[in-house]
Amino acid sequence: MSRSVGRALAAMLKEHQQSLSIDIERMTRFVADGAIGSVIDLEIPNNFLSNPQDAEFFERLQPAVAKWLESINISSSDASNISSRLSGRFAVALADEWRERPSHYQGSLGAFKTPFDDASKFEKDQYSYRAYLSGLIEESVFDETFSLRQIMLPLRCTWEDVKKERKPNRPDADFLKKPEHLVGWLHDKVTDWILQDKSKSPVCLIKGGPGSGKSSYAKFLAGYLASSGVRVIFIPLHLINIKSSVEDSIEEYLTAAGHFSSFSLDEFTKSKCVLIFDGLDELQLQGRLSQETAHSFMAELMRFLQTKNSSRRNVIAVVTGRDVAIQSTDSVVRSQGFSLNVAPYSFTNRHADRISDDADKSIRDLDQRDEWWLNYGKLIGVSYEKMPDQLRVGELDEITVHPLLNYLVALAIKQGLVVDKNTDINSVYRYLLQAVYERAWSDSAHPALRDLQFSDFMRLLEEVAICVWHGAGRTTTMMEVEKHCRANGMSGLLDSLKAGATSGVSKILLAFYFREQGTREDGEKTFEFTHKSFAEYLIATRIVRLIDQVTKRLAENGVDRDAGWDVTACLLRWIDVTGKSPIDNYVFPFIRREILSRDTSAGQWQNCISELLSVALNSRLPMHRANLPTYREMCEYERNAEEALFVCVNACARTTEKVTKLNVVGSTAIAEAIRRIQGQRSGPTNRLIQSCLSFFDFSDNCFDSADLYNADLSNSVMKNAELNLAILVSANAENCDFNGAQFFKANVDEIHVNGAKFSSPMDEISDAIVSSATHGKNAKQKLRGRGVTGNSAGRRNKEK
């Protein structure tokens, strides 16, 4: 027992060797030998091995350990955090100790009933796996001495109020329905669902945005169920390799990760069990979009569950993922799924607009941020009675409702960031990266590291992020990073990266942003970002760097044809960076904020990207020179790169608030590109391009029969545009100039036209728009109530 206690404590001290100012090697040798176990007498009950983390002796051991840690110059708050994590880490250490040295303890523990008595190898592995699951929430948070369990708050969730769900008898009901939601505690809802044997739902879907706490809760649930004696399997989906069936993929992961020497899912699921799959949006499958991969995986999982539950509900699954990935599986799961949305710490106006009046107000009206900051202050030794008032202004008020972003703001403040109403999440990420650089790289004694500037440091991280992005997950290898660096003229920096990885100073870097994560089949070590949003921020900064690069190179070529890059070279560079994977709704906000922070360059960037986009629309992208092996890849690269041009020029336009005029030949080129990029929809979810059509001059363009459902056309100029038979349902057309536009039989139900301009009298234009259209009466009422400006509005003012 003493060795296991020492082993657990040694592991935690090693985790924090960069932040704790002690001789870590000497201390870990001391505690690993079991000397710390002699601090107090350990009274061990006969049955404590069934749940060792709950042993009563920890009540006396933890204060003693904390006092000892303080005696070796560890702060009282850090000592308390580490000692409080000891019980959870002890269970894992005990299982490891027993697996490695079973014969050593056979005689001394003969009087105890142990989990290994007459147990098969599989049962022994299962005991160790339960200990591993129980210890998941004892993992440290980034480089902090406290664990996930210590900082995590109970999460709330929302779900559809079925009684109030609006189900109009109309063909577009799935697109237009806006169900109201009820509010409750996430853990209560999930455990109630697990215990409901009569429930027909074999899968519980937990969705939320980045940093909402989905993965943290998945770990908590796995540990909770394991400690409660429930058979459970926890699968981080970004680590799973989908080759064939769900069963094969799970079995391969559990054995490759070392949890089991051999594993049969068929045998394991003969008794009731819960499968937890974390990160549906992070499934990796070469050549497939993440939504397609998620859809295929869920279809296979549903078939597996149906087979296992043919007679009774024996095997159930909990699946977490971002909203888009979960929504893409609606057609597969249908009525068989039980869906929950992870709620933020506080319901701002944007989050509360669909909360039912019947929701429990005592839960709905809670602002959990004050409780979080109070607890965080205790863990770091700072007195916080509530969340600081300066965080309730500007974008910070919105940022801090999300668990991860709230913590990152707190971490940045702890490290010296001064926040104000202009602080956004991009500046928080940049500050944290600057702090990591200063602590781990700039003062290094290694010559290669000492000369590494912060700009170079950022470039290296950006290339890691691009490797991850192109791999459609959050992992990459050193070989892939080297390939990207060489392709981008950064071979000279590779020595710095390698030196950092081998000298030990990168350990603090890895603790913050990415970490080593096993090896691939070819023996290459893999690295993963600790959270996907870190990669997304760096992808955005890399794309903005690309925008600046092509703008400068194109300008140089305009002055001297022998210098810089011509349009074709710029487009080829653009394809290389943005063609492999599409920009999504999570990367785009980072791009927007990054461009906004460099507003003095936004105008030049807008002009350059609009020129490149115009060439692409007129002549198509030079895919024949992109050196891609298959026609399908050429099509995918072109689609992604073309969308990236639209997205980036729109991000610039939102900053400059100037309309982008594309010089295209023919009136249908723009609409054809939008249709090509959007593709055939299978539901209401749009591709990103539909959100990036604002601030464009689409005058004289033909959009007949165009799919502009829920598109953002705000502040665009559409003079004399042809929108006959177009679908403009739920589109944002605020401040659009529709003078001379044609709308024959267009569907404009639920359209937003505040401030829009029309040349025809209001009665005439509304009649033209809804002529023979479905639900015309509703559309006419909507238009008349939206403050549309034009001749009719002026006439009504005169009459008044």
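**Exercise 1.** At what angle do the axes of helix H28 and helix H30 cross?

*Solution.* This is a predicted model, where local features need pLDDT of at least 70, side-chain atom pairs count only at pLDDT 80 or more, and totals for chains, interfaces and linings use all residues. Residues are numbered from 1 along each chain as its sequence is written, and side-chain values use heavy atoms, leaving out hydrogens and water.

Step 1: find H28 at residues 532-559 and H30 at residues 587-596. Step 2: their axes cross at roughly 50° and come within 8 Å. Step 3: H28 is therefore oblique to H30 (roughly parallel is under 35 degrees, roughly antiparallel over 145, roughly perpendicular 65 to 115, and oblique the rest). Step 4: among the residues of H28 that meet H30 are Tyr-537 and Ile-547, while the H30 side includes Phe-590. This contact (heavy atoms within 4.5 Å) divides into 10 nonpolar, 2 polar and 2 charged residues.

**Exercise 2.** Work out how helix H29 packs with helix H31.

*Solution.* Step 1: H29 covers residues 567-578 and H31 residues 599-619. Step 2: the axes lie 11 Å apart, at an angle of about 95°, which means H29 is roughly perpendicular to H31. Step 3: Trp-574 is one of the H29 residues in the meeting, and Leu-612 is one of those in H31.

**Exercise 3.** Why is strand S2 largely enclosed by the rest of the structure?

*Solution.* Step 1: S2 spans residues 181-185. Step 2: 4 of its 5 residues are buried, so S2 is largely enclosed (buried means under 20% relative accessible area, with a 1.4 Å probe and protein chains only). Step 3: 5 bridges join S2 to S1, residues 156-160, and the two strands run antiparallel. Glu-160 stands opposite His-181 in S2.

Terms used: Axes are lines fitted to C-alpha atoms, for helices over the stretch in contact, and angles run from 0 to 180 degrees between N-to-C directions. Ala, Val, Leu, Ile, Met, Phe, Trp, Tyr, Cys and Pro count as nonpolar, Asp, Glu, Lys and Arg as charged, and the others, Gly among them, as polar. Buried means under 20% relative accessible area, exposed over 50%, partly exposed in between (1.4 Å probe, protein chains only). Two strands pair if DSSP finds at least two bridges between them.
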